[in-house]
Amino acid sequence: MKPIAYIGIDIQFARLSDEDRRRGLTFLYLYDLPYADLRAYAGLIITNLVEEQFLLEHKAMLEQYLKQGGVIFSLTETSLPWLVGVPNWKRSPIPLKDREIVIKDPAHPLFAGIDAYDINYRKGVRGFFSRGYFEKIPLHAEILVTDQSGAVIIYVDHESTNGTIFAGAGTDIYRVFIDEDNTARQLSVQMLACIRAEYARNQAKGAQIQ
């Protein structure tokens, strides 16, 4: 089973636990990206604390990975065009205490079995899921999460490349709920499962990693 790379900066390296590694997650230091063979990975999770200018300088490498059927799950508050079709992040005008996260398709494997309350509130406090949203997402994208105004927070794009792009408007949702004692704890596991399922589907379509 190919690992999934968790791309970030050094401080995040220490946050990967033995459990993460048993799940098949491995750390890829952002600045080692040019020296990495991305064919080794079933997917890339790009965290929200990264240098976008560096990613922009290596945009062609990411596009090649997608061309070959790879899966990228971006959690970055994007402000530069380093990932195909992903628009700039916008700050929501709705106060965090009033903002409601809405799962558009509770049956989608990323959110199946997860109670929306558990991602809206963390230990009784609201606002950890995301502070922002995307405007003008790709027309063919599937919207997975919005707020109560309909602003898009997470979408998946199966069409713009041979691979799959999940884009989340900020917040590392792999990590932020990982220690919760409610249904939100499953989000990290289901993220990895979704990435692997997309990778397998893309490879079956014929986008062989070469």
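Predicted model: local features only at pLDDT ≥ 70, side-chain atom pairs only at ≥ 80, totals over all residues.
Where is Lys123 found? Lys123 sits in the loop between β7 (121-122) and β8 (125-126).

The backbone at this spot deserves a look. Lys123 is not a glycine, yet its phi is positive, near 50°. Lys123 counts as exposed, because its relative accessibility is 70% and the cut-off for exposed is over 50%.

There is another lysine to mention. Lys136 also is not a glycine, and its phi is positive, about 55°. Its place is the loop between β9 (132-134) and β10 (142-147). At 79% relative accessibility, Lys136 counts as exposed.

Now to salt bridges. Side chains of opposite charge can pair when their charged atoms come close. How many salt bridges does the structure hold? The count is 10. I will go through three of them, starting with Lys123 again.

The side chain of Lys123 meets that of Glu180 in a salt bridge, at 3.1 Å from N to O. This pair links distant parts of the chain: Lys123 is in the loop between β7 and β8, while Glu180 is in the loop between β12 and α6, 57 residues apart. Is Glu180 buried or exposed? Glu180 counts as buried, because its relative accessibility is 4% and buried means under 20%.

Next, Arg175 and Asp20. Their side chains form a salt bridge of 3.2 Å, N to O. Arg175 lies in the loop between β12 (164-168) and α6 (186-205), and Asp20 in helix α2 (residues 18-22), so the pair ties together parts that are 155 residues apart in sequence. Both Arg175 and Asp20 are buried.

The last pair is Asp37 and Arg39. Their closest N and O atoms are 2.9 Å apart, and the two form a salt bridge. Asp37 is partly exposed, with a relative accessible area of 38%. Arg39 is partly exposed too, with a relative accessible area of 38%.

Finally, empty space. Rolling a probe the size of a water molecule over the atoms shows where empty space is left. The structure holds 1 cavity of 30 Å³ or more. The largest cavity has about 50 Å³ of space. Which residues line the largest cavity? Among them are Leu96, Arg99, Ile119, Asn120, Phe128 and Ser130. By type, the lining residues divide into 5 nonpolar, 3 polar and 2 charged.

That is where I will stop.

Methods:
Residues numbered from 1 in each chain as written. Heavy atoms only, no water. 1 Å grid on protein atoms, 1.4 Å probe; cavity = no way out; pocket = protein on both sides within 12 Å on 5 of 7 lines; lining within 4 Å. Points joined across faces, edges and corners; volume = space filled by probe spheres on them. Nonpolar A, V, L, I, M, F, W, Y, C, P; charged D, E, K, R; others polar. Helix = DSSP H or I, 4+ residues; strand = E, 2+ residues; numbered from the N terminus. Buried < 20%, exposed > 50% of the residue type's maximum accessible area, 1.4 Å probe, protein only. Salt bridge = Lys/Arg side-chain N within 4 Å of Asp/Glu carboxyl O.
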